[in-house]
Amino acid sequence: MKHRTRRPLHSRIGPFALARTLAWLRICAIAGQSVAVLVCALWMQLAIPLLPLMVGIGLLAVFSVFAAWRLSQPWPMREWETIVHVAADTLVLGYLLYFTGGASNPFITLLLVPIALSAAALSVRAILAVAALAGIAYLLLLRWYVPLPMPMHTQSSGGFSLHVAGMGVNFVITALLLGFFINRLARAVRLQQIEVQRVRERALRDEGILAIATQAAGAAHELNTPLSTMRTLLPELRREHAGDAVLDEDLELLQGQVERCRTILREMVAFGQAQLSQEPEQISLARFIHGCLERFQLLRPEAELALNLDEDAAPTMLRTPPGLRHAVLNLLNNAVDASALNHSQAVALTVHCEDGWLELIVRDHGPGFNATGELAILGRSLKQSGLGIGLALAEATAERLEGELIAINTDDGAQMRLRLPLAVVAAKPSIGAHPVGN
């Protein structure tokens, strides 16, 4: 089982999605119109103006190339540009219908296709504009057109049959076009709804993290006073009870714990200042990992940690932003808690670089994640202890660094894979260079 964070959904409904759909539809139209014109002129031997019709199809092909180039550009597609695309398609279709019977041509209903597609992607005003274009084209073709000639042997009885056959072909084409392309637009709508839901869940998570951070800042400020008081009284108590060896050991342990709490508070303040300054430290990957492990061993001395650090990646210089170290510690801490549920203290950390990504893989020997668990609640997994926010904080750090956090259930536990792009976390001089040991 695998859960991923941050898989952006690029398919969005709107002018760009409609323009892209029209581009594919335009290619189909060019092929279909070319075949229809050649069949009518060569096989059915209808006296249609072949040259003007092929010129119209050629103009549509030229516009199709321009539309493909426009879709490849980085700037956003505006709604009025999409209307221009629809207008060009409508103009060429009307031009072709003018030479093939006008409104009496059974393919006149193809003017409705752009309206149907626009209704799923554009605003009301844009839909009205597209409908007006199609309506004007239809009214003009009612009055001005070149009659569609009929073969001499079909003028008496086959004209109506030919018209009915054309209506049947038109029905099949319209059904296929609307069914396929509207399904694509509907899928884009569903993907956008999923994206909106994901953004909403992320906003709720970040709001919760901010609330926790605010409470933590207030608690750190308030704890400084009692810790200072205990730090002052403990040496005096040790002097007063210097003869009591057992009590002296307990007081020494308590004094050490107080100093540890003060160190943690100082680190919290330093972390907050680093966040405000937005100045990441530059450090080699090996030093960063060993620094994290030293801190982790102090926090969880009972853990049996196995490290596998790629020697080629070890000298890589990182621009480690504030929060990355805490993310690694949170993953390791959660792994130890998960392994403890299966009466094990073993965890493993694998670090390597691959295809422009820095990967930190934490493995445990716990029961794994729930089969129905989403990453929004992965912080709880199957643990019964802890605050349940460790993985949520790691996930937030991964998203902030344009990376991803992947949770995978393994045969004997679970695996958390933190993937970060080297373009974001690596120092600029080392990007693209071969690491050299020193």
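Predicted model: local features only at pLDDT ≥ 70, side-chain atom pairs only at ≥ 80, totals over all residues.

Modeller: Residues are numbered from 1 along each chain as its sequence is written, and side-chain values use heavy atoms, with hydrogens and water left out.

Biologist: How many helices and strands does the chain have, and what makes a run count as one?

Modeller: The chain has 11 helices and eight strands. They are DSSP runs, numbered from the N terminus: helices are H or I with at least four residues, strands are E with at least two.

Biologist: Which residues are annotated "transmembrane region"?

Modeller: The unreviewed UniProt entry gives that annotation to residues 21-44, 50-71, 127-146 and 158-182. UniProt positions are in the numbering used here, feature names are shortened, and annotations may be inferred rather than shown by experiment. In the model, residues 21-44 are 96% helix and 0% strand, with end C-alpha atoms 32 Å apart. For residues 127-146 the figures are 85% helix and 0% strand, and the ends are 30 Å apart.

Biologist: What makes a contact, and what share of contacts join residues at least 24 apart?

Modeller: Contact means heavy atoms within 4.5 Å. Among contacts between residues at least 6 apart in sequence, 75% join residues at least 24 apart.

Biologist: Why is H1 called roughly parallel to H3?

Modeller: Helix H1 (residues 15-43) and helix H3 (residues 79-98) cross at roughly 15°, and their axes come within 9 Å. Angles under 35 degrees count as roughly parallel, over 145 as roughly antiparallel, 65 to 115 as roughly perpendicular and the rest as oblique. H1 is therefore roughly parallel to H3. The axes are lines fitted to C-alpha atoms, for helices over the stretch in contact, and angles run from 0 to 180 degrees between N-to-C directions. On the H1 side the contact includes Pro-15, Leu-18, Ala-19, Leu-22 and Arg-26; on the H3 side, Glu-79, Thr-82, His-85 and Val-86 are among the residues.

Biologist: What is the hand of the crossing of H1 and H3?

Modeller: It is left-handed. That label applies if the near helix is turned anticlockwise from the far one by less than a right angle; clockwise is right-handed.

Biologist: How do H1 and H4 run, roughly parallel or roughly antiparallel?

Modeller: Helix H4 (residues 112-119) packs on H1 at about 150°, with the axes 10 Å apart. The two are therefore roughly antiparallel. H1 passes H4 in a right-handed crossing. Leu-18, Thr-21, Leu-22 and Leu-25 of H1 meet Val-113, Leu-117 and Ser-118 of H4.

Biologist: Why is His-85 called buried?

Modeller: Buried means under 20% relative accessible area, exposed over 50%, partly exposed in between (1.4 Å probe, protein chains only). The relative accessible area of His-85 is 3%, so His-85 is buried. His-85 is in helix H3. Leaving aside neighbours within four places in sequence, His-85 touches Ala-19, Leu-22, Arg-26, Phe-63, Ala-67 and Met-77. Across the 438 residues of the chain, 38% count as buried.

Biologist: What about Gly-368, buried or exposed?

Modeller: Its relative accessible area is 8%, so Gly-368 is buried. Gly-368 is in the loop between strand S6 (357-364) and H10. Ala-335 is 33 residues from Gly-368 in sequence and 9.9 Å away in space, C-alpha to C-alpha.

Biologist: What makes the phi of His-343 worth a remark?

Modeller: Most residues other than glycine have a negative phi. His-343 is not a glycine, yet its phi is positive, about 60°. His-343 is in the loop between helix H9 (324-340) and strand S5 (346-354). At 77% relative accessibility, His-343 counts as exposed.

Biologist: Where is Glu-402, and why is Glu-402 called partly exposed?

Modeller: Glu-402 is in the loop between helix H10 (390-400) and strand S7 (404-410). Its relative accessible area is 46%, so Glu-402 is partly exposed. Phi of Glu-402 is also positive, near 60°.
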